[in-house]
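I open these entries to record what I looked up in the structure. Each entry takes one topic in turn.

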Amino acid sequence: MLEVTPGWYMTLAAALFVLGLTGVLVRRNALVMFMSVELMLNAVNLTFVAAGRAAGVLDGQVAVFFVLVVAAAEVVVGLAIIVAIFRRRETASVDELAALRG
Amino acid sequence: MLTLLVLTPLLGAVVISLVPARRRELQLPLGIALSAAPLGVAGAVFVSFEKGEGSFQMVEKMVWWEPWGISWHLGVDGISLGLVALTTLLFPLSLAASDAITHRRKAFVMAMLVLETGLIGTFLALDLVLFFVFFEVILVPMYLIIGIWGGERRVYAAVKFFIYTAVGSALLLAAIIALAVMHASQSVEGALSFDYLALLDLEISSTAQMWLFGAFALAFAIKVPLFPFHTWLPDAHVEAPTAGSVLLAGVLLKLGTYGLLRFNLTLFPEATVSLVPVLAVLAVVGIIYGAVVAIVQPDLKKLVAYSSVSHLGFVVLGIFALTSAGLQGAVIQNVNHGLTTGALFLLVGMLYDRRHTKKIADFGGLASRVPMMAGFFLFMAFASIGLPGLNGFVGEFLVLVGSFPSLPAYAVVAAFGVVLAAIYMLWAYQRVFTGPLTGMANRKLVDLSPKETAILSPLAALVLLLGLYPGILLDRTAPSVEAILDRIEQTTDYQVPSPGRLEDVFASGSGDGEG
Amino acid sequence: MSPGAFPDVAWAGLAPELVMVLGAVVLLLLDVQVKPGVKVLWRSASAIMVIALALGIWQWIVTEPGGELAFGGMLILDPAAAFARLVVLVVSILAISAGRSLFVQLGNRAAEGLALVLLASAGFVLMAASQNLVMMFLGLEMGSISLYILAGITGDGVRSDEAALKYLLLGAVASAVFIYGVALVFAGTGSLGLVAIGGFLAQYLVLSPAVLLIGIGLITVGLCFKVAAAPFHVWAPDVYQGAPAGIVGYMAAVAKVGGFAALARVLLSGFGTFRADWALVVAAIAALSMMVGAVMAIISTDIRRLLAYSGVAHAGFILTGLASGAPGSPSVWFYLAVYTVQLVAAFSVISAVGGAASSGSALSDYRGLYRRSPFLAIALSVSLLGMAGLPLTTGFVAKLGVFLQAWQHGLQWLVVVAVLASAMAIYLYLRVIVTMYMHSPTTDDPVGSDRPTFWALGFATAVTVVLGVFPQPLLKLVESAIYL
Amino acid sequence: MIELPTEALWLVIAFPLGGALLLHFAGRWLGEPLAGYLASAASLAALAVAAVAAVPFFTGEGHPSQSLLWEWMPAVGASFEISWDPLSALMTLVVTGVGSLIHIYSVGYMHGDPRFARFFTYLNLFTASMLTLVLAGNYAMLFVGWELVGLCSYLLISFWFTRPSAASAGKKAFVVNRIGDFGFLIALMLIFSTFGTLSYTGVFDRAAQELSGWAPTIIGLMLAAGAVGKSAQIPLYVWLPDAMEGPTPVSALIHAATMVTAGVYVIARSAPIFELAPVASGVVAAVGAITALWAATIAIGQSDIKRVLAYSTISQLGYMFLAVGATAYVAGVFHLMTHAFFKALLFLAAGSVIHAMGGRQDMEEMGGLRKAMPVTFVTMGVGVVAIAGIPPLAGFWSKDEILSVVFNQGGWYTALWLIGLITALLTAFYMFRQFVMVFLGKPRWPEGVTPHESPRSMTVPLVILAILSVAGGLVNTPFRLGLEHFLEPSFEGVRLGHPPEGVGLVLVLAALAVGAGVVGAAMAFFAYHRPPEAWRRFQSGFGKLWGWWENAYGVDDAYGAMLVTPGRRLSEQTAFGVDMKVVDGAVNGVAWLVQATGRLIRPAQSGLVRQYGLWFGLGLVALLIWILVRGVA
Amino acid sequence: MVELVIFVLMGSGALAGGVTVVMARNPVRSAMGMLGSLVSLAVIYVVNLAHLVAAVQVVVYAGAVLTLFLFVIMFIGVDRAEDTSETIPLQRKLVAGLALVVAVGAAVLVWRGRFSWTPAAAESVPIPNGTVQALGGELFTTWVLGVEITALLLTIAAVGAIALAFYRRSGKASAEK
């Protein structure tokens, strides 16, 4: 019978991570980009949990807790910036923000 | 005493900085007076220098950056002595010739004094990092002197000067680091050391010597400048103010030849011996090339600049001749070139101050209007051409005769440079000073003022003195030069050629000898 | 450790951070309740910083050479961390001194701004002292998020917002990459503490190191992003250009300190046994950074972008020291200490010239600056010459230090690349100096600088020159800042 | 008679040198004519010292001696040392003697020139330099004098520097000389690397031991190259005619009597080396002979009074070369001496003429000056006869000795003898042609010219030189070889070329030489003692040849087209093509490359945050791949 | 067996949610995809005995964070389908290439057998049970500093939100328009 080892979860996490990264790269809506970042962080969390299980320690789950908080804090600040930008520019597309370059 | 010598100009710069801006009239005279102080100290050094001694004298050593074994280590020997004296001499003179600098004069005087400290320090440093520090620091005041008080394209010239030199010294730094690390791996305590005297004891493999030699040589070749690294020089000279040109030609270029002589020959003797053909070819090409290019230059300063390329080629040839005469010639030619070319730049500057042009075509027949100036110019031109009895000849002759036993073919080609020197110098003199007086502006020229005469006279006197009695320098140089050659002979299988049948000379020479 | 036991807390070891954090909170509360003037807030923040610095010096003195673990192994209070703290604090004090006009312009947001500076500094210090990778992540985020906000805090320009958003988005990705690397290292070793990881790796031969290697790679990349090393540097010019002038220097400096401290600790004390695997990668990043930074800076026309790219190059130089392994860490610290001071000084001048809240500083604005304000011009020149590594400035000593280390540890090729890059870099600093001294100004209006800026710049200039000539004290100091 | 130690001989140089220094700094203050008198006095003082010092050689008691003044460049064995032997004594006497006369002459000649004092400064400096050359006991010191006389020649040729031609001529003289010096310098290098010293004693004493194979030949040829430049032989003679731009006393002193003979002196001095190098000697002789003929033909076609003399000088120098090349060193030096007398005389006389003609030098404008300038007429006549080789004047004895020695060498030297003989004929022809054109016939003076005899200060030297030209040859006649004995100590151990033994043959040869002279003189007389139209007819009889002579075979133009113009073009190409475009272009190219690289990668910095993310991702993946490939694979 | 089923189901759910986030044209749909993904992961956490984490995942993530997202989406009115065509040249191709390289790289690693997720020293260990008590004990002893920092992080976030968005409206008139 197939046993689901932590490796399976971690593989899934890896896929999610790459998916999230892809999302950041292909979407131009800043909000969706943030969601993709969240996806990446979720992949990280899954890895932590699975790795913690494999190692038999709780540290993995503790780490998830902190990553979660960081994600939340990032989202708050990010959304604040997006709102601020939207007030001025009426857009959430990052492609239109390219005044700084060269 | 040497520390005093290095720091006196710096102290002078501090003093100048304290002069209030409204006492403008004080700045230049005070600067001249302050730069005369190191001249006095240098004079004392010269007098107390032991003649028969080949090693370093008046050595001072203090720990500086201890964790890395870097020390404030100064010393003087026959190779640096003349250059230090030359440096201290040229500074008061070129400051005195800087009346035309009216704009930001205080800063100018300060830059000059800082430059003097750097130059003296470079010649005296016996710690490689200390040397490098001075070597690099010089760039800043020189850069400012060209870039702020220079001619129309001053910025381009200044930046080119700075970058070119900096690129050259970049690899020098890497090589210095390599030496220090090598010292760490070879010494018992495993400590880094940048001490020149300690590094002399290193055992460096042939391959490593090649690389390190290359790095050192590149830095110095750019500074000399050796063909084909010379193109910064004409630009820098043309744009620099008079004092800048004088010091650039008079002293800065000597850093390159001094470095080759001081470091390449002693630290990497094996590589030196095997790379002699490369350097000698570059030197000889430089001699001929510089002269050929100088002939048609339309700008007097450019002409003198290219003549420097040619003259410095002699110095390099003398160094890599690896004979006593060649090395002595190189050392004294360093000083000679500083005197004559310095004086020529002073003269061109005086002319420029009067006419605001350096174009040869703008002049003509000036000798009938300014005979004194013409006389000095001709005198210095002949010194530069290598007229026996004047100093230029002593250097060139020693180099040529000294390099013949080891590099016959090169010496012969180089000797042709002497012919070309006559062509470009005399043709320039002819076009500027002889013939009928042309142009309204030229008719109103006034001859040298007593002050200007006073500036040029000591140079002329030295030109004559060194031309007729070079022993004053050679006596002090010879032991140091012998020490270098002894070192090369001991560490490699090179033999300094001794006089003998020509067949033997050609057989032992570079092989491709010709008649 | 049984549940319910009193946590192991080394309060004294974190005294400076506590002061900063509490100070930040106090500032925020004061702002809400008392609404004091900006000047008062600024003075309070400065005072907090100075107290923190005093405590930091005390901590530096009492720190044991080997360091000690604190907070259940979360932190290690060793000389390297203590030194990082000193650097961060000095830089912070310089930055808020020179940045006073920015806070004045922020008006009712000044308290937030100052609090964020305090919090960010505390965050980066924690990051430098972290022994646990998740702690490191928290410190990193604490600092980074504060910086994201600071980048956009003026809010009176599109460019400022753009900078903040770019910084945040890319920073979030980099953070995710970093923490994913941590997760993979955790998967590969079963622990989050660097000492434990080091012990594990020393004890067991890792037969299939792929996960670990990927983890190390991801952590390295994440931190390289923070320190703006090529090719992970692309955000830096945009952010430096768009963020308010008064704070950019600070942002750049503390992020570099924190990032390099973390990178050094991770690579040297965690993965020291894997040096064969990462040294070359780090060296390659270093080489690329130096080259790309120098080349791109040369063609920049905005002085901030120029400094950003030059910062990329400097990241390369510092990585050169890092790639040399543990013995190189004193040289890394020396470099960081002197470079960040120069960086803050340079941006302080930019702030004085262009306005503290401004975005973007065209190089042409600096034409003839010497005539408009000799002091600012000289201060900027000294900083730039220091960055160029001209002898008799601290920059030279710093470069010499890292080069020596790299050469001693088998990275001769990197030293050659580095010296060439530094020669190239000289040109770009010269460009600025040329502009300031050798071009005539477009306007003759004098440029003023307020008293704190004057002192901050004076200090930075003096440090750059005095320590450049006599670096002995600082060299001695960093000798102990080594990762074991 | 007191005996002067060799150590004191530096005084010989010091007098004129001191005079030069004094005049340089105080000349303007001294003014005319005091400056001239002082300079003359300095020269005479040198003559006096030299004469006293030379007495032992006359009495046959003297020995060559050396005296070290000071070390110059010990590393190459260069020092200032004086060598005093009959050869240098003779040269010193000639230089100071003729020089003093010319000094005195110049006081009159330069009257009224604004730079009167400066002229005497140079003249004194020249005397000092020439004495340095001849008194040197070391090749390096010889070279000092060698170059300094070149310098003085430069200064004096372009004395009237506002004339572009004068300035140009001075430069040309110096540069062409430098080309010869190039050879000389190589010779010095070779000598040093063989002997380790440049001192005469060190070299000559060991020459036979150290030199072998081709070495002496090379050294000899290189020395000869220097001599060819200084003594204006083919192919480097072109500077001398132009040098006539200088004041006439200069032409007399430097470009006839003394400096140009330095080449001959050097070869004679280096006899121990040439002794070992017959090929080099042969080349010298051949060059001399060919130059003699070549220049003589050109002299025929000249109408400028000084140019005739200039080419004549070249031709006569050719004789001297022929002599020393044929190892007839004594004969060469003998001719050197007599030539110094009569050529100085001729030049000074020509100067007197020019002076009288108000600066005009074209012989076509002269004629019939006999009455106006009797002293000049007579003295110049003496000079012409002397140079034509008519006995018993000085030129006969020396020229005859040369020709007979050359003949006696046999082999291909016979051809050289023949050339010499033809040249003798031509010499007589062009000199008499000149004499006739200037002094005889009807005056062809332009308007406003009223020739008059020159002042006493000019005529007295003429007379003295005329006397010397008459009697000077008697020091070394086949009947009494005074000079040969006198010079013997200088050529110790050197095989000297000798005239044939048989009296009959000697007489035949002498008769041939005299005959050639007489025939030439007669031809000139008949061709030119007629109205100008008749000359022209005579001249056109030579067809194109005359044009070539007149134009000096177009050598100047040919050099211009073959060397000067291509040289300048090469220089321009190098300076503005290679240097600015290639060498500097490469430097700027590097800078451009850096910027181009920057511009190439700048688009990556597009400002688009997603693209930044992509770069981040690419870097990340690349790094991971690398680290994995290294660490796992 | 149960775990396998849950893994397959929830794993697919998480991936599908993730794909939705990336592909959906409407941000609201992305948010929904996100929700799906988060919840799926929460289930997986439960299977891995990470109970507290699972709870926090649902409460904080799905509850708070996602709500915040939705709120902002609505607030700034981008709750409509948007153009998802690529405007940056080569971006998609390069991204696809990147993903492909990662996939191939992973495959190569696995295929070469040089890949193992777990530590070399891992023996069979009991699954750590992430009860509230166990986790809380860890958090408030060993990790207490982290918890403190979390507080600071949230403070920073709050301050940031105020500084960036709140004052913007009430503060001085912005200079740039």
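A residue is buried if 20 or more other C-beta atoms lie within 10 Å of its own, exposed if 12 or fewer, and partly exposed in between, with C-beta atoms placed from the backbone. The largest core holds 821 residues, and Ala174(B), Leu114(C) and Ala344(D) touch the most other members. Helix H7 (residues 154-186) of chain B gives the largest share of this core, 23 residues. Helices (H or I, at least four residues) and strands (E, at least two) are DSSP runs, numbered from the N terminus.

**Leu114(C).** With neighbours within four places in sequence left aside, Leu114(C) is in contact with Leu27(C), Leu41(C), Trp42(C), Ala45(C), Ile96(C) and Phe103(C).

**Conventions.** I note that residues are numbered from 1 along each chain as its sequence is written, and that chains are lettered from A and ligands numbered from 1 in the order in which they are written. As the model is predicted, local features need pLDDT of at least 70 and side-chain atom pairs count only at pLDDT 80 or more, while totals for chains, interfaces and linings use all residues.

**Helix pair in chain C.** I examined helix H5 (residues 110-129) of chain C and helix H11 (residues 245-270) of chain C, whose axes come within 7 Å and cross at roughly 20 degrees. Axes are lines fitted to C-alpha atoms, for helices over the stretch in contact, and angles run from 0 to 180 degrees between N-to-C directions. H5(C) and H11(C) are therefore roughly parallel to each other (angles under 35 degrees count as roughly parallel, over 145 as roughly antiparallel, 65 to 115 as roughly perpendicular and the rest as oblique). The residues in this contact include Val117(C) and Phe124(C) of H5(C), and Tyr250(C) and Gly258(C) of H11(C). By class, the contact of H5(C) with H11(C) has ten nonpolar, two polar and no charged residues. Ala, Val, Leu, Ile, Met, Phe, Trp, Tyr, Cys and Pro count as nonpolar, Asp, Glu, Lys and Arg as charged, and the others, Gly among them, as polar.

**Helix pair in chain B.** Helix H4 (residues 105-124) of chain B packs with helix H5 (residues 128-137) of chain B at an angle of about 150 degrees, the axes being 8 Å apart. That makes H4(B) roughly antiparallel to H5(B). Gly118(B), Gly121(B) and Thr122(B) of H4(B) meet Phe131(B), Phe134(B), Phe135(B) and Val137(B) of H5(B).

**Chain pairs.** Which chains have the most contacts among the eight pairs that touch? I found that chains A and E do. Chain A does not touch chain B, their nearest C-alpha atoms being 24 Å apart. Chain B and chain E do not touch either, with nearest C-alpha atoms 37 Å apart.

**Chain D.** I recorded 25 helices and four strands for chain D. Its C-alpha atoms fill a box of roughly 110 × 65 × 60 Å along the principal axes. Of the 633 residues of chain D, 61% count as buried.

Technical notes: Contact = placed C-beta atoms within 7 Å. Core = buried A, V, L, I, M, F, W, Y, C linked by C-beta atoms within 7 Å.
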